[in-house]
Amino acid sequence: MANQFANQSTADKQVPILDFTSRLRNLPDSAFDSVAEMLNFLRKTPVQSQTLTPYLSWNHQRYTRNLIDKTHMYELIAICWEIGHASSVHNHRDQNCWMTVPIGKLQVRNFRVVHESLDRGVCQLEEAVTLEMDPTRPCAVDSQHPVHSVHNPLEFNQRAVSLHLYSRPFDRCIAYSPAQGTCREIDLRYDTDHRKTDEQPGRP
Ligand SMILES: [Fe+2]
């Protein structure tokens, strides 16, 4: 019975994605500098999953990145994960990143960088903490260990959609191959782009 009330309480707090982006745009710039404060905002402001439908695209070969909103302070991206999809191991150098999972659940595998030389394209990584995210458990990238991969393992047996909030926006990152001990800088791109042309998020 207690769980039923807890779930109801979570559902009551859910907001449509356009309300979510409006609230983000109303936050002061300083809000994007505090990892803990933004994580608290995400916990208190879960997104109604059905309102994400217009932003989602699916590809059986790989996960898709769908831009929802972008300002000078942040970009908000919906990532669609089919069963078995996983990201490369990558970093978030000098950027804050928060993730929340309105649909399904995902696994985050964090890595410790023992050694890295981007010039020579070599690295040595060790696996660190692994954690799970679901609609009630958003997470922030650990600024001390900003290298991770995200997985929708076969055993989870369901599609997942995550929202990634990056501050500030960035279009490049380093991708690592821990097994081969190699790393390289890669460009990031969007599969779909839904950002509004005006400065404020619009409504239908
Ligand atoms: Fe990431």
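Asn-66 has Thr-192 of β12 as its bridge partner. I note that the model is a predicted one.

**Entry: the sheet**

I traced the sheet around this pair. It is open and has six strands, in the order β7-β4-β9-β2-β1-β12. The pairing is mixed. Which strands sit at the edges? They are β7 (139-140) and β12 (192-193), and each of them pairs on one side only. As a reminder to myself, strands of a sheet pair through backbone hydrogen bonds, either parallel or antiparallel.

**Entry: helix α2**

I looked up the buried residues of α2, which covers residues 17-26. They are Ile-17, Phe-20, Thr-21 and Leu-24. The buried residues of α2 pack against β1 (64-70) and β2.

**Entry: helix α3**

I turned to α3, residues 35-44. This helix lies across β4 (96-103) and β7. Its angle to β4 is about 15 degrees.

**Entry: Trp-81**

I picked Trp-81 in β2, a strand of residues 75-81. Is Trp-81 buried or exposed? I counted 26 other C-beta atoms within 10 Å of Trp-81. The cut-off for buried is 20 or more, so Trp-81 is buried.

I listed its contacts next, leaving out residues up to four places away in sequence. Trp-81 touches Tyr-63, Leu-106, Asn-152, Arg-159 and Ala-160. I also took one distance from Trp-81. Ser-177 is 96 residues apart from Trp-81 along the chain, and their C-alpha atoms are separated by 21 Å.

**Entry: the whole chain**

I stepped back to the chain. I found three helices and 12 strands in its secondary structure. The radius of gyration is 17 Å, close to the 17 Å that the globule rule gives for 204 residues, so the chain is as compact as a globular protein of that length. The C-alpha trace spans about 50 × 45 × 35 Å along its principal axes.

I looked up burial for the chain as well. Buried residues make up 26% of the 204 residues. Last, I checked contacts between residues at least 6 apart in sequence. Of these, 74% join residues at least 24 apart.

Definitions and conventions. Residues numbered from 1 in each chain as written. Predicted model: local features only at pLDDT ≥ 70, side-chain atom pairs only at ≥ 80, totals over all residues. Helix = DSSP H or I, 4+ residues; strand = E, 2+ residues; numbered from the N terminus. Buried ≥ 20, exposed ≤ 12 C-beta atoms within 10 Å, placed from the backbone. Contact = placed C-beta atoms within 7 Å. Rg over C-alpha atoms; globule rule 2.2 N^0.38 Å. Pairing = 2+ DSSP bridges. Axes fitted to C-alpha atoms, helices over the stretch in contact; angles between N-to-C directions.
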